[in-house]
Amino acid sequence: MQLNGSEMIIHALKNEGVQIVFGYPGGAALNIYDEIYKQKFFKHILTRHEQAAVHAADGYARASGKVGVAIVTSGPGFTNTITGIATAYADSVPLVIISAQVPTSLIGTDAFQEIDAVGISRPCTKHNFLVKTIDELPRILKEAFYIASSGRPGPVHIDVPKDITATIGEFNYPDNIKLQTYKPTYNGNPRQIKKVALAIKEAKKPLLYLGGGCIASKSAKLIRELCEITHIPAVNTFMACGILSTNNPDSLGMVGMHGSYVANMAMSEADLIVALGARFDDRVTGKLSEFGKYAQIVHIDIDPSSISKIVEANFPIVGDVSNVLEELLPLLREDYATQNILAWRERLAQYNKLHPLSYQDSTTQLKPQWVIEKLGDIVGENALISTDVGQHQMWAAQFYPFSFPRQFISSGGLGTMGFGLPAAMGVKCAFPDKVSINISGDGSILMNIQELMTCAVYGIPVINIVLNNNYLGMVRQWQTFFYDKHYSETDLEKQPDFVKLVESFGGVGYVCKTKEEFISALNAAINSQKPALLDVRIDRMENVLPMVPTGGALFNMMLEYKE
């Protein structure tokens with residue numbers, strides 16, 4: 001089939017089953033967008049900023065498990081995507097980003113809107129391509145989707161010069177891809193798996209450490225079965241919220257800097273830590289010399305470069321978490337004795353009783369923790385929760401009752417403010433029948449506020465709950481604890497009228513100063529079926545606790561703040 005380069009891109013997206021694309025046109029991308037105008041295979045959503053286009057594709061991918069797609073133009077069109085690409089790269093999210101480039105004859109001449117897109121994107125992509133001929137374009141498109149979604153997922157960037165988008169060539173789209181230098185290992189070593197089974201049976205204080213790779217590998221069902229068989233306590237990273245439901249008796253909650261007391265103590269005292277799809281992030285380990293001092297480490301991950309990168313593994317297994325668990329579970333069903341860890345579970349229950357995850361409610365001020373809990377009571381399993389980055393993000397992770405994987409959509413590794421609204425937009429596009437909620441702060445929400453216009457134009461009723469404390473809250477908290485209350489450039493006392501702002505975009509807005517106002521506003525926002533923003537006025541000086549100071553050991557938590 002003879003097609004020009006732009007038609008090839010459209011047909012490749014069709015062949016990959018792409019149903020929605022986010023993007024923003026420009027001069028170098030005109031040929032591509034002309035073909036988008038003609039096609040009927042997928043829906044294109046015009047965001048109001050290229051960063052938001054990538055965040056929206058990211059939210060779509062995280063919620064659906066499919067590859068997210070964004071298309072942008074050259075120069076600033078592409079440089080605006082870098083934060084979104086780096087966000088996806090940090091959290092192993094499968095994306096394909098297609099950028100237009102100046103014609104091949106002008107590359108290297110400092111032409112109008114020319115930028116070395118491949119050079120810029122190299123550090124924050126799983127792989128990237130500069131298309132040099134029309135003949136290689138079909139193969140590159142196929143490889144991009146394969147690389148993005150296989151092994152450890154990640155963003156892949158394709159840079160396509162404008163002349164190639166107009167050049168006609170043969171569209172031979174491959175059915176399968178085999179790359180000599182890229183062959184992910186999906187099945188774990190059987191001998192190592194047997195050793196791990198024996199180590200689990202012999203352990204007196206075992207602990208499951210669940211990471212975001214468990215979601216990517218679709219292993220939640222197997223992990224829940226593992227817990228049912230063994231009743232080994234489990235902690236989850238921020239990225240793994242929902243693998244075990246919040247009310248699962250084997251779940252100790254989130255571990256790390258703002259993890260629960262019992263989760264951090266369990267990690268500190270375990271004699272066997274079974275890491276499933278986790279990378280031992282610094283926010284989880286705290287002081288490395290004190291991390292898991294009494295534990296042997298099992299590390300199961302599809303990315304061989306992650307294993308023993310930070311913490312030395314006694315039992316390394318390279319493989320997909322689901323495939324490894326399929327082999328491990330029969331070995332544990334045979335003769336695992338749950339009574340061997342009764343004393344361990346009782347000790348952890350005492351820790352949880354001693355310092356449960358809690359907060360001091362108020363009759364005069366809205367507490368953010370209460371807002372999150374009440375939100376969970378009202379929408380529960382019917383909602384998918386996105387967040388921006390800051391205190392509100394941690395409160396969401398701590399207090400929302402997550403019950404299934406991919407229910408929590410948030411920027412973990414990069415910590416990107418402005419992620420929440422466009423991500424929630426992508427989430428709603430993936431699941432139009434679900435309530436899509438963005439929990440944000442009054443600092444974060446302004447970073448991509450223009451996407452309220454996108455929501456209004458396309459009828460995407462994202463609900464934004466802005467926990468408004470008139471501060472850059474998390475930075476303020478650090479200044480309170482560690483910088484003698486020097487609130488340098490964190491006071492946001494002057495803010496816009498958020499209700500008028502959202503109304504100007506065509507949405508609905510509410511100010512919430514009491515519990516009754518919040519409940520009423522949330523129900524009204526859900527029923528409105530319009531983009532909505534709840535300006536929730538919370539206690540300005542509320543802190544996220546527990547907290548492990550940077551570089552501190554997990555067991556040295558700040559459980560309260562004293563003047």
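Analyst: Buried means under 20% relative accessible area, exposed over 50%, and partly exposed in between (1.4 Å probe, protein chains only). The structure is a predicted model, in which local features need pLDDT of at least 70 and side-chain atom pairs count only at pLDDT 80 or more, while totals for chains, interfaces and linings use all residues. Residues are numbered from 1 along each chain as its sequence is written, and side-chain values use heavy atoms, with hydrogens and water left out.

User: Is Tyr 561 buried, exposed or partly exposed?

Analyst: Tyr 561 has a relative accessible area of 27%, so it is partly exposed. Phe 481, at 14% relative accessibility, counts as buried.

User: How many aromatic pairs does the structure hold, and are Phe 481 and Tyr 561 stacked or edge-to-face?

Analyst: Rings of Phe, Tyr and Trp (its six-membered ring) pair if their centres lie within 6.5 Å; planes under 30 degrees apart are stacked, over 60 edge-to-face, and the rest tilted. The structure holds 14 aromatic pairs. In the pair of Phe 481 and Tyr 561 the ring centres are 5.0 Å apart and the planes are at 15 degrees, so this pair is stacked. The pair links distant parts of the chain, 80 residues apart: Phe 481 is in helix H20 (residues 473-482) and Tyr 561 in the segment after strand E20 (532-537). Helices (H or I, at least four residues) and strands (E, at least two) are DSSP runs, numbered from the N terminus. Elsewhere, Phe 238, Tyr 400, Phe 402 and Phe 408 form one aromatic cluster.

User: Which charged end sits over the ring of Tyr 471?

Analyst: The test is NZ of Lys or CZ of Arg within 6 Å of the ring centre and within 35 degrees of the ring normal. The charged end of Arg 476 sits over the Tyr 471 ring, 5.8 Å from its centre. Arg 540 also lies over the face of Tyr 471, at 4.0 Å from the ring centre.

User: Which residues in the largest nonpolar core touch the most other members?

Analyst: A nonpolar core is a set of buried Ala, Val, Leu, Ile, Met, Phe, Trp, Tyr and Cys residues joined through side-chain atoms within 4.5 Å. The largest has 65 residues, and Ile 200, Tyr 209, Leu 210 and Met 267 touch the most other members. Helix H14 (residues 321-335) gives the most to this core, with 7 residues. Apart from it lies another core, of 39 residues, including Val 21 and Ile 98.

User: What does Glu 35 touch?

Analyst: Contact means heavy atoms within 4.5 Å. Not counting residues up to four places away in sequence, Glu 35 touches Asn 4, Ser 6, Glu 7 and Ile 10. Glu 35 is found in helix H2 (residues 30-38) and, at 11% relative accessibility, counts as buried.
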